[in-house]
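These are my notebook entries on the structure shown below. I record what I looked up, entry by entry.

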Amino acid sequence: MKTIIEPFKIKSVEPIHFTTREERIKIIKDAFYNPFLIRSEDVLIDLLTDSGTSAMSSAQWAGVMLGDESYAGSNSFYRFEKSVKEITDMPIIIPTHQGRAAEKILFTVIGGKGKYIVSNTLFDTTRANIEYSGAEGIDLLCSEGKIPSLVAPFKGNIDTDAFEKFIREKGSESIPLCIITVTNNSGGGQPVSMQNIKEIKSLCKKNNILLFIDACRFAENCYFIKKRESGYENSSIQDIARELFSYADGCTMSAKKDAFCNIGGFLAMRSEELAVQCRNLLIITEGFTTYGGLAGRDLEAIAIGLKEVMEEDYLHYRIRSIEYLTEKLTAAGVPVLKPGGGHAVYLDAKEMLPHIPPNLYPAQALVAALYVEGGVRGVEIGSLMFGKYDVNGNLIPAMMELVRLAIPRRVYTQSHIDYVAEVIIETFNNREKIKGLKIEFEAPVLRHFTAKLKETK
Ligand SMILES: *Cc1c(COP(=O)(O)O)cnc(C)c1O
(Lines give C-alpha, C1' and ligand atoms only; values in the text may rest on other atoms or scores of the structure.)
Protein backbone atom coordinates (compact mmCIF):
# COMPACT_ATOMS: atom_id res chain seq x y z
CA MET A 1 0.00 0.00 0.00
CA LYS A 2 1.23 3.51 -0.81
CA THR A 3 1.67 6.29 1.74
CA ILE A 4 -1.55 8.12 2.57
CA ILE A 5 -0.72 11.69 1.65
CA GLU A 6 -2.28 14.95 2.79
CA PRO A 7 -5.18 15.46 0.34
CA PHE A 8 -4.35 19.14 -0.28
CA LYS A 9 -1.65 21.48 -1.55
CA ILE A 10 -0.50 24.41 0.56
CA LYS A 11 -1.18 27.89 -0.85
CA SER A 12 -0.63 30.11 2.16
CA VAL A 13 1.75 29.38 5.03
CA GLU A 14 2.23 30.64 8.55
CA PRO A 15 5.77 30.46 9.96
CA ILE A 16 6.48 28.56 13.17
CA HIS A 17 8.64 30.31 15.74
CA PHE A 18 11.41 28.12 17.14
CA THR A 19 12.54 28.25 20.77
CA THR A 20 15.40 26.56 22.60
CA ARG A 21 14.98 24.14 25.46
CA GLU A 22 16.43 26.72 27.89
CA GLU A 23 13.89 29.29 26.71
CA ARG A 24 11.04 26.82 27.10
CA ILE A 25 12.08 25.93 30.67
CA LYS A 26 11.72 29.62 31.53
CA ILE A 27 8.50 30.09 29.49
CA ILE A 28 6.68 27.18 31.17
CA LYS A 29 7.80 28.35 34.62
CA ASP A 30 6.64 31.91 33.87
CA ALA A 31 3.32 30.45 32.62
CA PHE A 32 2.93 28.65 35.99
CA TYR A 33 3.04 25.24 34.27
CA ASN A 34 -0.32 26.00 32.65
CA PRO A 35 -0.42 25.66 28.82
CA PHE A 36 -3.35 28.12 28.61
CA LEU A 37 -1.00 30.83 29.89
CA ILE A 38 1.67 30.32 27.19
CA ARG A 39 1.64 32.73 24.22
CA SER A 40 0.95 30.90 20.96
CA GLU A 41 4.11 32.30 19.34
CA ASP A 42 6.13 30.32 21.90
CA VAL A 43 4.53 27.04 20.77
CA LEU A 44 6.05 24.93 17.97
CA ILE A 45 3.24 22.43 17.40
CA ASP A 46 -0.06 23.48 18.95
CA LEU A 47 -2.26 20.53 19.89
CA LEU A 48 -4.21 22.36 22.61
CA THR A 49 -7.47 21.99 20.69
CA ASP A 50 -9.01 21.19 17.30
CA SER A 51 -11.63 23.89 17.89
CA GLY A 52 -11.53 26.89 15.57
CA THR A 53 -7.95 25.98 14.55
CA SER A 54 -8.71 24.39 11.16
CA ALA A 55 -7.16 25.64 7.94
CA MET A 56 -9.90 26.93 5.64
CA SER A 57 -9.80 25.91 1.97
CA SER A 58 -9.36 28.27 -0.97
CA ALA A 59 -13.07 27.70 -1.71
CA GLN A 60 -13.98 28.79 1.82
CA TRP A 61 -11.83 31.93 1.53
CA ALA A 62 -13.49 32.69 -1.79
CA GLY A 63 -16.84 32.24 -0.03
CA VAL A 64 -15.76 34.79 2.56
CA MET A 65 -15.60 37.39 -0.22
CA LEU A 66 -19.10 36.40 -1.38
CA GLY A 67 -20.56 36.98 2.10
CA ASP A 68 -23.81 38.92 1.97
CA GLU A 69 -23.84 41.14 5.05
CA SER A 70 -27.53 42.07 4.88
CA TYR A 71 -29.13 42.20 8.32
CA ALA A 72 -32.16 40.16 7.28
CA GLY A 73 -32.66 37.55 4.58
CA SER A 74 -28.99 37.40 3.53
CA ASN A 75 -28.11 35.12 0.60
CA SER A 76 -25.35 33.67 2.73
CA PHE A 77 -27.93 32.51 5.26
CA TYR A 78 -29.90 30.67 2.59
CA ARG A 79 -26.77 28.95 1.30
CA PHE A 80 -25.85 28.00 4.88
CA GLU A 81 -29.38 26.73 5.58
CA LYS A 82 -29.38 24.63 2.41
CA SER A 83 -26.04 23.06 3.29
CA VAL A 84 -27.18 22.12 6.82
CA LYS A 85 -30.52 20.80 5.52
CA GLU A 86 -28.75 18.58 2.99
CA ILE A 87 -26.97 16.83 5.86
CA THR A 88 -29.57 16.82 8.63
CA ASP A 89 -32.82 16.96 6.66
CA MET A 90 -34.21 19.10 9.48
CA PRO A 91 -36.70 21.83 8.56
CA ILE A 92 -35.55 24.44 11.08
CA ILE A 93 -31.97 25.75 11.11
CA ILE A 94 -30.91 28.47 13.55
CA PRO A 95 -27.38 29.93 13.29
CA THR A 96 -25.44 30.77 16.49
CA HIS A 97 -21.99 32.26 17.08
CA GLN A 98 -20.64 28.95 18.39
CA GLY A 99 -21.74 25.60 19.82
CA ARG A 100 -22.26 26.71 23.40
CA ALA A 101 -24.64 29.48 22.29
CA ALA A 102 -26.86 26.80 20.71
CA GLU A 103 -26.63 24.82 23.96
CA LYS A 104 -27.49 27.86 26.08
CA ILE A 105 -30.66 28.48 24.05
CA LEU A 106 -31.73 24.82 23.94
CA PHE A 107 -31.26 24.17 27.65
CA THR A 108 -32.82 27.46 28.73
CA VAL A 109 -35.97 26.26 26.94
CA ILE A 110 -35.77 22.52 27.75
CA GLY A 111 -33.89 22.40 31.09
CA GLY A 112 -34.78 23.64 34.56
CA LYS A 113 -34.86 22.40 38.13
CA GLY A 114 -35.83 18.79 38.75
CA LYS A 115 -35.02 17.70 35.20
CA TYR A 116 -32.38 15.29 33.93
CA ILE A 117 -30.56 15.46 30.60
CA VAL A 118 -29.03 12.10 29.63
CA SER A 119 -25.96 11.61 27.42
CA ASN A 120 -23.11 9.24 26.54
CA THR A 121 -20.76 11.92 27.89
CA LEU A 122 -21.62 15.60 28.05
CA PHE A 123 -18.95 17.98 26.82
CA ASP A 124 -17.95 20.49 29.55
CA THR A 125 -19.82 23.50 28.03
CA THR A 126 -22.91 21.32 27.47
CA ARG A 127 -22.86 20.18 31.09
CA ALA A 128 -22.31 23.75 32.28
CA ASN A 129 -25.31 25.02 30.28
CA ILE A 130 -27.54 22.19 31.57
CA GLU A 131 -26.51 22.84 35.16
CA TYR A 132 -26.89 26.60 34.76
CA SER A 133 -30.55 25.99 33.85
CA GLY A 134 -30.98 24.07 37.13
CA ALA A 135 -31.22 20.65 35.47
CA GLU A 136 -28.82 17.75 36.10
CA GLY A 137 -26.57 16.21 33.43
CA ILE A 138 -26.23 12.41 33.49
CA ASP A 139 -23.47 10.49 31.65
CA LEU A 140 -24.37 6.87 30.86
CA LEU A 141 -21.32 5.74 28.87
CA CYS A 142 -21.01 2.05 27.93
CA SER A 143 -18.56 0.02 30.05
CA GLU A 144 -15.95 -0.41 27.25
CA GLY A 145 -15.66 3.37 27.07
CA LYS A 146 -14.30 3.50 30.60
CA ILE A 147 -11.20 1.34 30.04
CA PRO A 148 -8.41 3.29 28.21
CA SER A 149 -6.40 0.26 27.03
CA LEU A 150 -9.39 -1.74 25.76
CA VAL A 151 -9.78 -1.88 21.97
CA ALA A 152 -13.46 -1.79 20.92
CA PRO A 153 -15.10 -0.28 17.81
CA PHE A 154 -17.70 1.99 19.41
CA LYS A 155 -16.48 3.11 22.83
CA GLY A 156 -18.70 6.22 22.63
CA ASN A 157 -22.00 4.27 22.88
CA ILE A 158 -24.61 4.91 25.55
CA ASP A 159 -25.25 2.02 27.95
CA THR A 160 -28.84 1.28 26.88
CA ASP A 161 -29.58 -0.93 29.92
CA ALA A 162 -28.44 1.84 32.24
CA PHE A 163 -30.62 4.31 30.31
CA GLU A 164 -33.68 2.07 30.66
CA LYS A 165 -33.01 1.65 34.36
CA PHE A 166 -32.57 5.41 34.76
CA ILE A 167 -35.93 6.07 33.07
CA ARG A 168 -37.62 3.54 35.41
CA GLU A 169 -36.03 5.14 38.47
CA LYS A 170 -36.64 8.81 37.70
CA GLY A 171 -39.74 8.61 35.51
CA SER A 172 -39.78 9.75 31.91
CA GLU A 173 -41.58 13.05 32.79
CA SER A 174 -38.37 14.28 34.45
CA ILE A 175 -36.20 13.48 31.40
CA PRO A 176 -37.08 15.95 28.62
CA LEU A 177 -34.09 15.20 26.41
CA CYS A 178 -31.22 12.84 25.63
CA ILE A 179 -28.19 14.21 23.76
CA ILE A 180 -25.66 11.93 22.07
CA THR A 181 -22.20 13.43 21.53
CA VAL A 182 -20.67 12.24 18.24
CA THR A 183 -17.81 11.54 18.49
CA ASN A 184 -17.46 11.49 22.26
CA ASN A 185 -14.99 14.35 22.82
CA SER A 186 -14.52 14.01 26.58
CA GLY A 187 -14.31 10.22 26.21
CA GLY A 188 -11.35 9.95 23.84
CA GLY A 189 -13.02 11.03 20.57
CA GLN A 190 -14.60 7.58 20.35
CA PRO A 191 -17.51 6.97 17.95
CA VAL A 192 -21.13 5.96 18.53
CA SER A 193 -22.63 3.19 16.35
CA MET A 194 -25.77 3.58 14.23
CA GLN A 195 -27.16 0.55 16.07
CA ASN A 196 -26.78 2.33 19.40
CA ILE A 197 -28.41 5.52 18.07
CA LYS A 198 -31.35 3.42 16.76
CA GLU A 199 -31.78 1.70 20.13
CA ILE A 200 -31.65 5.01 21.98
CA LYS A 201 -34.16 6.47 19.53
CA SER A 202 -36.65 3.69 20.18
CA LEU A 203 -36.21 4.06 23.96
CA CYS A 204 -36.72 7.82 23.68
CA LYS A 205 -39.76 7.47 21.45
CA LYS A 206 -41.41 4.97 23.80
CA ASN A 207 -40.87 7.31 26.74
CA ASN A 208 -41.61 10.61 25.04
CA ILE A 209 -38.04 11.91 25.40
CA LEU A 210 -36.53 14.16 22.72
CA LEU A 211 -33.34 12.88 21.08
CA PHE A 212 -30.73 15.46 20.06
CA ILE A 213 -27.26 14.98 18.57
CA ASP A 214 -24.25 17.05 19.64
CA ALA A 215 -22.99 16.99 16.07
CA CYS A 216 -19.59 18.74 16.39
CA ARG A 217 -17.74 15.77 14.82
CA PHE A 218 -20.56 14.11 12.87
CA ALA A 219 -18.43 13.44 9.76
CA GLU A 220 -15.64 11.76 11.75
CA ASN A 221 -18.29 9.61 13.47
CA CYS A 222 -19.92 8.70 10.12
CA TYR A 223 -16.52 7.66 8.76
CA PHE A 224 -16.04 5.27 11.71
CA ILE A 225 -19.52 3.82 11.04
CA LYS A 226 -18.56 3.23 7.42
CA LYS A 227 -15.33 1.50 8.39
CA ARG A 228 -16.49 -0.44 11.44
CA GLU A 229 -20.24 -1.18 11.28
CA SER A 230 -21.53 -3.85 8.96
CA GLY A 231 -23.98 -2.76 6.31
CA TYR A 232 -22.40 0.67 5.78
CA GLU A 233 -19.19 -0.20 3.92
CA ASN A 234 -20.67 0.89 0.58
CA SER A 235 -22.67 3.90 1.81
CA SER A 236 -21.51 7.47 1.25
CA ILE A 237 -20.73 9.66 4.26
CA GLN A 238 -23.65 11.86 3.25
CA ASP A 239 -26.07 8.90 3.31
CA ILE A 240 -24.75 7.74 6.67
CA ALA A 241 -25.11 11.27 8.06
CA ARG A 242 -28.69 11.52 6.74
CA GLU A 243 -29.60 8.25 8.43
CA LEU A 244 -27.92 9.28 11.68
CA PHE A 245 -29.82 12.59 11.81
CA SER A 246 -33.07 10.90 10.76
CA TYR A 247 -33.31 9.37 14.26
CA ALA A 248 -32.93 12.75 15.95
CA ASP A 249 -35.43 15.47 16.83
CA GLY A 250 -32.70 18.07 16.60
CA CYS A 251 -29.00 18.83 16.95
CA THR A 252 -26.49 21.36 18.21
CA MET A 253 -23.22 21.96 16.40
CA SER A 254 -20.01 23.91 16.75
CA ALA A 255 -18.80 24.87 13.26
CA LYS A 256 -15.34 25.27 14.83
CA LYS A 257 -14.91 21.49 14.55
CA ASP A 258 -16.15 19.53 11.52
CA ALA A 259 -17.13 22.62 9.47
CA PHE A 260 -13.48 23.81 9.25
CA CYS A 261 -14.40 27.29 10.48
CA ASN A 262 -12.75 29.59 12.97
CA ILE A 263 -16.12 30.53 14.50
CA GLY A 264 -19.79 29.55 14.19
CA GLY A 265 -22.43 27.01 15.14
CA PHE A 266 -26.09 26.15 14.82
CA LEU A 267 -29.18 24.61 16.34
CA ALA A 268 -31.46 22.49 14.13
CA MET A 269 -34.80 20.88 14.95
CA ARG A 270 -38.07 19.50 13.66
CA SER A 271 -40.58 21.08 16.07
CA GLU A 272 -41.91 24.51 15.12
CA GLU A 273 -43.23 24.96 18.65
CA LEU A 274 -39.77 24.48 20.16
CA ALA A 275 -38.23 26.67 17.44
CA VAL A 276 -40.47 29.64 18.32
CA GLN A 277 -39.12 29.62 21.88
CA CYS A 278 -35.53 29.17 20.69
CA ARG A 279 -35.78 32.03 18.18
CA ASN A 280 -37.15 34.34 20.87
CA LEU A 281 -34.01 33.76 22.94
CA LEU A 282 -31.79 33.92 19.87
CA ILE A 283 -32.94 37.45 19.13
CA ILE A 284 -32.14 38.58 22.68
CA THR A 285 -28.69 36.98 22.91
CA GLU A 286 -27.32 36.25 19.42
CA GLY A 287 -29.11 38.32 16.80
CA PHE A 288 -31.75 38.07 14.10
CA THR A 289 -32.76 34.60 12.89
CA THR A 290 -30.87 34.81 9.60
CA TYR A 291 -27.45 35.56 11.12
CA GLY A 292 -27.48 34.51 14.80
CA GLY A 293 -24.27 36.21 15.92
CA LEU A 294 -22.36 35.52 12.70
CA ALA A 295 -21.28 37.63 9.77
CA GLY A 296 -22.56 36.63 6.33
CA ARG A 297 -19.01 35.60 5.42
CA ASP A 298 -18.91 33.11 8.32
CA LEU A 299 -22.18 31.56 7.12
CA GLU A 300 -20.63 31.13 3.66
CA ALA A 301 -17.53 29.47 5.07
CA ILE A 302 -19.67 27.06 7.11
CA ALA A 303 -21.87 26.19 4.10
CA ILE A 304 -18.77 25.23 2.11
CA GLY A 305 -16.88 23.55 4.98
CA LEU A 306 -19.80 21.22 5.74
CA LYS A 307 -19.57 19.83 2.22
CA GLU A 308 -15.78 19.48 2.25
CA VAL A 309 -15.71 17.56 5.53
CA MET A 310 -17.71 14.69 4.03
CA GLU A 311 -15.11 14.01 1.30
CA GLU A 312 -13.74 10.55 1.94
CA ASP A 313 -10.16 11.31 0.89
CA TYR A 314 -10.10 13.93 3.59
CA LEU A 315 -11.67 11.73 6.28
CA HIS A 316 -9.37 8.85 5.37
CA TYR A 317 -6.32 11.07 5.84
CA ARG A 318 -7.79 12.64 8.97
CA ILE A 319 -8.54 9.42 10.84
CA ARG A 320 -5.35 7.78 9.58
CA SER A 321 -3.17 10.59 10.94
CA ILE A 322 -4.54 10.01 14.46
CA GLU A 323 -4.14 6.25 14.06
CA TYR A 324 -0.59 6.72 12.71
CA LEU A 325 0.51 8.66 15.80
CA THR A 326 -1.26 6.16 18.09
CA GLU A 327 0.59 3.27 16.39
CA LYS A 328 4.00 4.96 16.62
CA LEU A 329 3.53 5.61 20.32
CA THR A 330 2.20 2.12 21.05
CA ALA A 331 5.21 0.57 19.27
CA ALA A 332 7.53 2.57 21.58
CA GLY A 333 5.62 1.36 24.66
CA VAL A 334 3.98 4.71 25.46
CA PRO A 335 0.61 4.14 27.19
CA VAL A 336 -2.15 5.67 25.04
CA LEU A 337 -5.93 5.44 24.92
CA LYS A 338 -6.94 2.80 22.37
CA PRO A 339 -8.07 2.69 19.66
CA GLY A 340 -7.14 6.13 18.29
CA GLY A 341 -10.06 8.57 18.36
CA GLY A 342 -11.36 10.85 15.62
CA HIS A 343 -9.61 14.08 16.49
CA ALA A 344 -7.00 13.47 19.18
CA VAL A 345 -4.47 11.15 20.78
CA TYR A 346 -4.77 10.71 24.53
CA LEU A 347 -1.73 9.77 26.65
CA ASP A 348 -2.38 7.84 29.86
CA ALA A 349 -0.35 9.75 32.46
CA LYS A 350 -1.50 7.59 35.37
CA GLU A 351 0.11 4.58 33.72
CA MET A 352 3.17 6.50 32.51
CA LEU A 353 4.04 8.39 35.73
CA PRO A 354 3.21 6.08 38.65
CA HIS A 355 5.68 8.02 40.83
CA ILE A 356 3.44 11.13 40.73
CA PRO A 357 0.25 10.81 42.85
CA PRO A 358 -3.03 12.36 41.57
CA ASN A 359 -2.77 15.30 44.00
CA LEU A 360 0.45 16.34 42.24
CA TYR A 361 -1.33 16.29 38.86
CA PRO A 362 0.65 13.78 36.75
CA ALA A 363 -1.09 14.67 33.46
CA GLN A 364 -0.42 18.39 33.93
CA ALA A 365 3.23 17.54 34.70
CA LEU A 366 3.35 15.56 31.44
CA VAL A 367 1.87 18.52 29.52
CA ALA A 368 4.70 20.70 30.89
CA ALA A 369 7.36 18.06 30.11
CA LEU A 370 6.19 17.74 26.47
CA TYR A 371 6.38 21.49 26.09
CA VAL A 372 9.93 21.64 27.47
CA GLU A 373 11.08 18.66 25.39
CA GLY A 374 9.85 19.95 22.03
CA GLY A 375 7.52 22.95 22.27
CA VAL A 376 4.44 20.71 21.80
CA ARG A 377 1.34 22.04 23.55
CA GLY A 378 -1.34 19.59 24.75
CA VAL A 379 -3.97 19.81 27.46
CA GLU A 380 -4.62 17.96 30.70
CA ILE A 381 -7.87 16.03 30.97
CA GLY A 382 -7.54 14.71 34.49
CA SER A 383 -7.68 15.82 38.10
CA LEU A 384 -6.84 19.46 37.39
CA MET A 385 -9.81 19.70 35.01
CA PHE A 386 -12.28 17.41 36.80
CA GLY A 387 -10.96 16.93 40.36
CA LYS A 388 -13.13 18.00 43.29
CA TYR A 389 -12.41 18.48 47.02
CA ASP A 390 -14.01 16.54 49.88
CA VAL A 391 -15.19 18.28 53.08
CA ASN A 392 -11.67 18.10 54.53
CA GLY A 393 -10.17 19.75 51.47
CA ASN A 394 -8.58 16.57 50.13
CA LEU A 395 -8.58 16.04 46.39
CA ILE A 396 -11.10 13.56 44.95
CA PRO A 397 -9.20 12.61 41.78
CA ALA A 398 -10.72 12.23 38.32
CA MET A 399 -11.32 8.73 36.94
CA MET A 400 -8.46 9.09 34.42
CA GLU A 401 -5.31 11.23 34.13
CA LEU A 402 -5.02 11.94 30.42
CA VAL A 403 -3.11 14.35 28.19
CA ARG A 404 -5.10 15.19 25.06
CA LEU A 405 -3.19 16.04 21.90
CA ALA A 406 -5.90 17.37 19.56
CA ILE A 407 -4.92 17.56 15.90
CA PRO A 408 -6.12 20.70 14.08
CA ARG A 409 -7.76 19.90 10.72
CA ARG A 410 -5.60 20.26 7.56
CA VAL A 411 -2.92 22.20 9.47
CA TYR A 412 0.01 19.86 10.14
CA THR A 413 1.81 17.47 7.80
CA GLN A 414 3.21 13.99 8.40
CA SER A 415 6.63 15.36 9.34
CA HIS A 416 5.02 17.50 12.03
CA ILE A 417 3.32 14.38 13.38
CA ASP A 418 6.62 12.42 13.21
CA TYR A 419 8.24 15.19 15.22
CA VAL A 420 5.43 15.05 17.81
CA ALA A 421 5.97 11.27 18.14
CA GLU A 422 9.72 11.81 18.70
CA VAL A 423 9.05 14.42 21.40
CA ILE A 424 6.59 12.14 23.21
CA ILE A 425 8.87 9.09 23.00
CA GLU A 426 11.88 11.07 24.28
CA THR A 427 9.76 12.40 27.15
CA PHE A 428 8.55 8.86 27.88
CA ASN A 429 12.15 7.54 27.97
CA ASN A 430 13.03 10.18 30.60
CA ARG A 431 9.78 9.89 32.52
CA GLU A 432 11.38 9.22 35.94
CA LYS A 433 12.78 12.76 35.89
CA ILE A 434 9.33 14.38 35.59
CA LYS A 435 8.25 16.05 38.82
CA GLY A 436 4.75 16.57 40.22
CA LEU A 437 3.08 19.99 40.39
CA LYS A 438 1.43 21.85 43.25
CA ILE A 439 -1.40 24.37 42.83
CA GLU A 440 -0.54 27.90 43.98
CA PHE A 441 -3.72 29.62 42.74
CA GLU A 442 -7.07 28.31 41.47
CA ALA A 443 -10.44 29.78 40.48
CA PRO A 444 -13.65 28.31 41.98
CA VAL A 445 -14.96 27.05 38.59
CA LEU A 446 -13.22 25.70 35.44
CA ARG A 447 -9.94 26.12 37.32
CA HIS A 448 -7.76 24.48 34.67
CA PHE A 449 -7.94 27.57 32.44
CA THR A 450 -6.31 29.93 34.92
CA ALA A 451 -4.64 27.77 37.61
CA LYS A 452 -1.07 28.64 38.60
CA LEU A 453 1.21 25.74 39.54
CA LYS A 454 4.71 25.16 40.78
CA GLU A 455 7.11 22.25 40.40
CA THR A 456 7.69 20.10 43.51
CA LYS A 457 11.20 19.06 44.54
C1 LIG B 1 -16.47 22.28 21.22
C2 LIG B 1 -17.64 21.49 21.64
C3 LIG B 1 -18.83 22.11 22.06
C4 LIG B 1 -18.96 23.61 22.25
O5 LIG B 1 -18.73 24.33 21.09
P6 LIG B 1 -18.05 25.78 21.09
O7 LIG B 1 -18.08 26.19 19.66
O8 LIG B 1 -16.66 25.62 21.64
O9 LIG B 1 -18.88 26.66 21.95
C10 LIG B 1 -19.89 21.29 22.39
N11 LIG B 1 -19.81 19.96 22.32
C12 LIG B 1 -18.68 19.33 21.91
C13 LIG B 1 -18.63 17.84 21.84
C14 LIG B 1 -17.56 20.07 21.56
O15 LIG B 1 -16.44 19.44 21.18
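Entry one: helix α5. I looked up which residues of helix α5 (residues 124-132) are buried, and found Thr 125, Thr 126, Asn 129 and Ile 130. They lie on the same side of α5, because they cover an arc of only 135° around the axis; the arc is that of the directions from the helix axis to the C-beta atoms. Buried means under 20% relative accessible area, exposed over 50%, and partly exposed in between (1.4 Å probe, protein chains only). Helices (H or I, at least four residues) and strands (E, at least two) are DSSP runs, numbered from the N terminus.

I noted that this is a predicted model, in which local features need pLDDT of at least 70 and side-chain atom pairs count only at pLDDT 80 or more, while totals for chains, interfaces and linings use all residues. Residues are numbered from 1 along each chain as its sequence is written, and side-chain values use heavy atoms, with hydrogens and water left out.

I then asked what covers the buried residues of α5. The cover includes α4 (99-110), β3 (116-119), β4 (136-139) and β6 (210-214). After α5 comes Gly 134, with a positive phi near 100°.

Entry two: Gln 190. I located Gln 190 in the loop between β5 (177-181) and α7 (194-206). Gln 190 is buried, with a relative accessible area of 1%. Leaving aside neighbours within four places in sequence, Gln 190 has contacts (heavy atoms within 4.5 Å) that include Ala 152, Lys 155, Thr 183 and Pro 339. A polar atom of the Gln 190 side chain lies 2.9 Å from the backbone oxygen of Pro 339.

How values were computed. Polar contact = N/O pair within 3.5 Å; in protein donor to acceptor, adjacent residues only side chain to side chain.
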